[in-house]
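Okay everyone, thanks for coming. I'd like to walk you through one structure today, so let me put it up on the screen.

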Amino acid sequence: MSIIPTIGMETHVELKTNSKMFCRCHVLDTDIPNESLCPTCLGLPGSLPVPNKKAIEFITLLALSTNCSITNDGMFHRKNYFYPDLPKNYQISQFDLPVGTEGSLEVVVDGEFGTVEIERVHMEEDTGKSTHMGSGRIDSATSTHLDFNRAGIPLVEVVTKPLIKSSREAVAYIEELRQLVIDLGISEGKLEKGNLRFDANISVAHDGDKELGTKVEIKNMNSLRSLEKAIEYEISRQTKMLLNEENIIQETRHWDEKKEVTTSMRSKEGSADYRYFSDPDIPNMILSDDFVNEVKSSIPVLPSQKRTVFIDSGLSIEDANSLVKSPNWIGDLYKSVSSITNDSKTSFNWITGELQGQLRKLELKSIPSWLTAKNLSEIITLVKENKISFTSGKEILGKLIEEELVPEEYAVNNKLIQENDIDEISKMVKDVLDDNKDVLERISNGEDKLIGFLVGQIIKLSKGKVNPSVAKELLLKELNS
Amino acid sequence: MDNHKLPISKINQLFKNKELKPSELYSEVFERAANTESVIHGHLTLFQEENIQKALDADKRYEKGNNIGTLDGIPIAIKDNINISGHATTCSSKMLSNYISPYDATVITRLKNEGVLFTGKTNLDEFAMGSSTENSAYGPTKNPWDSSRVPGGSSGGSAAVVSAGSAVASLGSDTGGSIRQPASFCGVVGFKPTYGTVSRYGLVAFASSLDQIGPITNNVADAKLIFNSMNGHDPLDATSLTESKAQQPKLKNAKIGIIKELMGDGISEDAQQEVHKVAKLMESEGHEVVEVSLPLTKMSISIYYLIAPAECSANLSRFDGVRYGNRVTGNTSSEMMELTRANGFGPEVKKRILLGTYALSAGYYDAYYGQALKARAMMKKEFTDIYNDVDYLISPTTPSDPFKFGEKTDNQLEMYMSDLCTIPANLVGMPAISIPTGLSSQGLPLSVQLMSPANTDNTLLDFSQSLESLVAFSDKPSINGVTN
Amino acid sequence: MADKIDIENVAKLASLKLNEEEKQHLEKDLSMIIDHFAALSEMDLPDDKISIHPLGMHLNLAEDIASKFLTHEQALSNAPESKDGQFVVPPSLD
């Protein structure tokens, strides 16, 4: 009797607008606390919220890009709860009339396509930041420090339906969503900066059960690695409990990065009563058809569309997906190079393997302006045609990163052009054999390993220019005769 | 000196004709304050020092003949739930006794730009919740007509200082009658504009969908002047109207409806008499007066006491001692918030917060708050329909003349009933004005209330002005034996 | 007669600490007011989508143009306690 896990993801996307959601304070990335504030985002008496038009455009863009239905006559609601980092002790959010509903997102899991169903996309405001001071453990803090710079920044909350089936799918979903918000230009999408934050709701049930199990919310996963590990841990924890017929409590648990376990957060029994009611400071938000159509017409090329183009060019789903998730210049370079070389896989390997590898070693984030599709293609073609060895190709690439050059010219000048002429190589084979009669004897006694030694001698004799595989082939022919 | 009782336009003439200087008027008004405040306690703070210089600056402007406008140099008192930068905004609460505002409300900015002198901040029922100013944490304001009686509320201080002459006019806020009822009790004019015509930015919110700032004045012309210098779209207030087109009611041969439901049980004979008196005067002017029925007005109190507390329960959540306010510390931040709020809020405020929290809580929303919203929408329709038949509506402003201190504090429902006549205008968002028309059998002021459709504010004011001259009520109270 | 009001729960939701006397008083007062609402809650009212605003106003969204309002000092000017430019409160767990 197998146990089936069910996962739902709640993701908050920080929008990169100039000003906050309900006031015109700068959205600042600064170390100075409490630097970008006004009566509204600080929750001073008498202040009022006025929604940010750009934020609404951004969320509509996201909703449309995930095939959501748009709520034309929506509203903002107050979500009431007390917490020091919430200036008004209510968050302006959306309850039953969110901007987008019933959408979906194409994802790639383990090289295959999948679809994650989205329940809703809604607009809300961020809270301030709390720093607990004291010995460092969360339950022995002596005080809490508050910085409200972040309070009021526009957040889009995306909630999936509880239909995700594995940790890999959840990770693939977050990766896709992240790429989408980056490509739409609505968010920086940097996990380490908190531009994208996610919680997972996890439950388990026996295969065939009509109802889902008790759901547990997991918070505090700060990277895709911890997301995957946390989900795995929680599924395993719940599965054990289910098999032991233990009662799983509906609660919020905290992922402990160090111990790699989820732990119960104190208090919070049952679900909170947020007393949602429509915000009387903000009239109904009517999104006209004109508005929606204008946003629709501004949708750029989506990750899924880019992926299709890459797949159509001859790449596997997995490879196409990795290009989509890379910075734009890589995909663009691939497109140009593969159309020149006419070899999608080789172009892909060179760009994502060799080129990115070398850049990483040099701690570079992009290529210099003289490293064009044209000259990269030239290197690739030289190697493909066996004019230079793969190693030489790598060498030329490395040089090209440093300085402008013409690959073929460089190869010639540096005597990298391989000797492919059969007669020339045969001569060298004969020469080497003549000089190594003792080795030849040992090979004929069965020491096949020494064939490599002879190939090495041939390469040495040619000063590295011989094509090793051709040399070996001719050597073997000679040995067998 | 009686210059402070003159219509503002007349004062402005005197200034322009150099028969009076703004600094002289200010001294007059400040002297009145010195003579009356110990009795009535209308102002919580007086801005004496800064006004001396500001008045002198106004003097110079008039001397050179380039005064800003009609309001330049006029001393106006401000209810202490409206923010003025650099000054305390206490909302008459212990919670904010040490709070200094870092910004101006939009109405303040607009009046500042007109050269208005703010006399100081006036007393109110704590956080604008009340009908008598007995709920102030800093002691009540006394009615200038009889210091054993309440001035009304929640803008009791604002109404009292105009009545006593320690300001030429004042600003109040009106959520369920908080401008009109105290104006009536103090024998002065109080005007609540159409919802959305005057910016709420900088007004400490009580009930967001009901609150409006409005003027309390000696006469209707002053109210019109002040209203038009503050009104207009404010991009900082999302509920601020951008357009205000509406069919305007008639000024001549108008039809006025007496609201039947506000002329029977619970309304004193004296108050009803005023309405009949005024009706006769209007008929003599060629207007037609009829009786109309607005059945849902009977539900006003219930609807109001669900919507207002619900909204205020959330509006007052921000008072937690974290970023400002009188903090009472605790072992944890949630304990600190609970203790701060327990200590900072008075009993009426606590009651309304709890009532509102209850009405919104899980399981009760539909039966209470949800119902109230529906009933409110229906009431709005009732009013809109009736305005197809009549141009204006008339009723008493308050069920009775001013009551004595302590008279209603033990009976909350009776206290809430003081707002019976005024609440409907807030619920439907339409303008309403209270005009003093006579004295009760106890020699205390009585008023009538006129209402009109949304966005007909200036027409209502014009119509009221003509009514005012017909009524010709000019009595003023005497304090310390000195008549204002 | 409405259900008995769980005044402790409501006070908890409203983050208000009440003493025993207050609890009793308030429970009584609130029950009285709630009873007054009985007539309203029993009314049969249509279920149309209701705007909270009496005048169904139009929402004007603001242009995304940022500007500075409060200085750092102004923001902290009324803080009951602050340190290193941050507001300080007793520890807020969870």
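**Where chain C meets chain B**

Let's start with one pair: Asp29(C) and Lys351(B) join their side chains in a salt bridge, at 3.5 Å from N to O. Keep in mind that this is a predicted model.

Which elements of chain C give two or more residues to the side that touches chain B? Those are helix H1 (7–13), helix H2 (20–36), helix H3 (38–42) and strand S2 (86–89). H2(C) gives the largest share, eight residues. Sorted by class, that side of chain C has 36 nonpolar residues, nine polar and seven charged.

Now the totals. On chain C, 52 residues are in contact with 70 residues of chain B. The two chains bury about 5100 Å² between them, and 69% of that is on carbon and sulfur atoms.

Okay, on to the cores. The largest nonpolar core has 170 residues, and the ones touching the most other members are Met9(A), Tyr173(A), Phe127(B), Leu354(B) and Leu393(B). Helix H9 of chain B, residues 300–315, supplies the largest share of this core, with ten residues.

Take Phe127(B): beyond its neighbours within four places in sequence, its contacts include Cys91(B), Leu96(B), Phe206(B), Phe319(B) and Val349(B). There's also a second, separate core of 57 residues, with Ile74(B), Leu111(B), Met230(B) and Met263(B) among them.

Technical notes. Residues are numbered from 1 along each chain as its sequence is written. Chains are lettered from A and ligands numbered from 1 in the order in which they are written. This is a predicted model: local features need pLDDT of at least 70, side-chain atom pairs count only at pLDDT 80 or more; totals for chains, interfaces and linings use all residues. Side-chain values use heavy atoms; hydrogens and water are left out. Contact means heavy atoms within 4.5 Å. Buried area is the accessible area (1.4 Å probe) that two parts lose on being put together, summed over both. A salt bridge is a side-chain nitrogen of Lys or Arg within 4 Å of a carboxyl oxygen of Asp or Glu. Helices (H or I, at least four residues) and strands (E, at least two) are DSSP runs, numbered from the N terminus. Ala, Val, Leu, Ile, Met, Phe, Trp, Tyr, Cys and Pro count as nonpolar, Asp, Glu, Lys and Arg as charged, and the others, Gly among them, as polar. A nonpolar core is a set of buried Ala, Val, Leu, Ile, Met, Phe, Trp, Tyr and Cys residues joined through side-chain atoms within 4.5 Å. Buried means under 20% relative accessible area, exposed over 50%, partly exposed in between (1.4 Å probe, protein chains only).
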